[in-house]
Amino acid sequence: MTLPFQSMLIPLLIFNEGFHLLAHTNVFLRLSPPPASTLQRRGLYFLWDGLSHLAPYFVHGRFLPYIIVEFIAHMFYTLTWNRNYYYTERIKAWSTKEYTGRWVTYDFFLTLSDMLGHSLNIYALNAMADTSMYAATSWLPFVMMLLLWKD
């Protein structure tokens, strides 16, 4: 099924997925994770991230069980961000620059799973994309990371 404006929508979704993949890679590899004070204000980021898992499904129609699990997990973090739930506090702590605990924890695998979800969406969207449009926009997530993810 072809959606209206699909030729414009797919590159935007790829761009969005690429941005989230780079953001999670940044935290996962501990390149420049945000400080705790900044992360505390990013509760609604999980809403955007969760919708980023869900929206591409309506274009490519693949990986529904995985996408549903990722979406539910992100909605949990969105709803509990400021309520001191155990797993929410763990994600907050593990994702910050100040974290000094073990690197491979439960949160390590949650972030890896999140990265896989964005990668699957990019894969499925790329199969449907006009390659010239994709090539023109593929560098944009890297620029966004440089502009938005500074300490």
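Is Phe108 buried or exposed? Select Phe108: the residue is buried, with a relative accessible area of 10%. Here buried means under 20% relative accessible area, exposed means over 50%, and partly exposed lies in between (1.4 Å probe, protein chains only).

This is a predicted model, in which local features need pLDDT of at least 70 and side-chain atom pairs count only at pLDDT 80 or more, while totals for chains, interfaces and linings use all residues. Residues are numbered from 1 along each chain as its sequence is written, and side-chain values use heavy atoms, with hydrogens and water left out.

**Stop 1**

A pair of aromatic rings is described by the distance of the centres and the angle of the planes. Rings of Phe, Tyr and Trp (its six-membered ring) pair if their centres lie within 6.5 Å; planes under 30 degrees apart count as stacked, over 60 as edge-to-face and the rest as tilted. The count by this rule is 12 aromatic pairs. One of them joins Phe28 and Phe108, a tilted pair with 4.7 Å from centre to centre and 35 degrees between the planes. Phe28 belongs to helix H1 (residues 6–28) and Phe108 to helix H7 (residues 106–128), so the pair links distant parts of the chain, 80 residues apart. Helices (H or I, at least four residues) are DSSP runs, numbered from the N terminus. Phe28 counts as buried, at 9% relative accessibility.

**Stop 2: Thr111**

Stay in helix H7 and select Thr111. Thr111 counts as buried because its relative accessibility is 9%. Leaving aside residues up to four places away in sequence, Thr111 touches His24, Phe28 and Trp94; contact means heavy atoms within 4.5 Å.

**Stop 3: the ring cluster**

Now select Phe19, Tyr45, Phe46, Trp48, Phe76, Tyr77, Trp81 and Tyr85, which ring pairs link into a cluster. Within this selection, look at Tyr45 and Phe46: their ring centres are 5.9 Å apart and their planes stand at 80 degrees, so the pair is edge-to-face. Tyr45 counts as buried at 15% relative accessibility, and Phe46 is buried with a relative accessible area of 12%.

A charge sits over a ring if NZ of Lys or CZ of Arg is within 6 Å of the ring centre and within 35 degrees of the ring normal.

**Stop 4: H3 against H5**

Two packed helices are described by the angle between their axes and the distance between the axes. Axes are lines fitted to C-alpha atoms, for helices over the stretch in contact, and angles run from 0 to 180 degrees between N-to-C directions. Helix H3 (residues 45–54) packs on helix H5 (residues 64–80) at an angle of about 170 degrees, with the axes 8 Å apart. H3 and H5 are therefore roughly antiparallel to each other; angles under 35 degrees count as roughly parallel, over 145 as roughly antiparallel, 65 to 115 as roughly perpendicular and the rest as oblique. To show the contact, select Phe46, Leu47, Asp49, Gly50, Leu51, His53 and Leu54 of H3 with Ile67, Glu70, Phe71, His74, Met75, Tyr77 and Thr78 of H5. By class, the residues of this contact divide into eight nonpolar, four polar and two charged. Ala, Val, Leu, Ile, Met, Phe, Trp, Tyr, Cys and Pro count as nonpolar, Asp, Glu, Lys and Arg as charged, and the others, Gly among them, as polar.

**Stop 5: H6 and its neighbours**

Select helix H6 (residues 86–94), whose axis comes within 10 Å of that of H7 and crosses at roughly 80 degrees. That makes H6 roughly perpendicular to H7. On the H6 side, Tyr87, Arg90, Ile91 and Trp94 meet Tyr106, Asp107, Phe108, Leu110 and Thr111 in H7. This contact has six nonpolar, one polar and two charged residues.

Which residues are buried in H6? Thr88, Ile91, Lys92 and Trp94 are. Their cover includes H1, helix H2 (36–40), H3, H5 and H7.

**Stop 6: two loop residues**

Select Arg30 in the loop between H1 and H2. Arg30 has a phi near 60 degrees, a positive value in a residue other than glycine, and is partly exposed, at a relative accessible area of 23%. Arg30 lies over the face of Trp94, at 5.3 Å from the ring centre.

Finish at Asn84, in the loop between H5 and H6. Phi of Asn84 is also positive, near 60 degrees, and Asn84 is exposed, with a relative accessible area of 61%.
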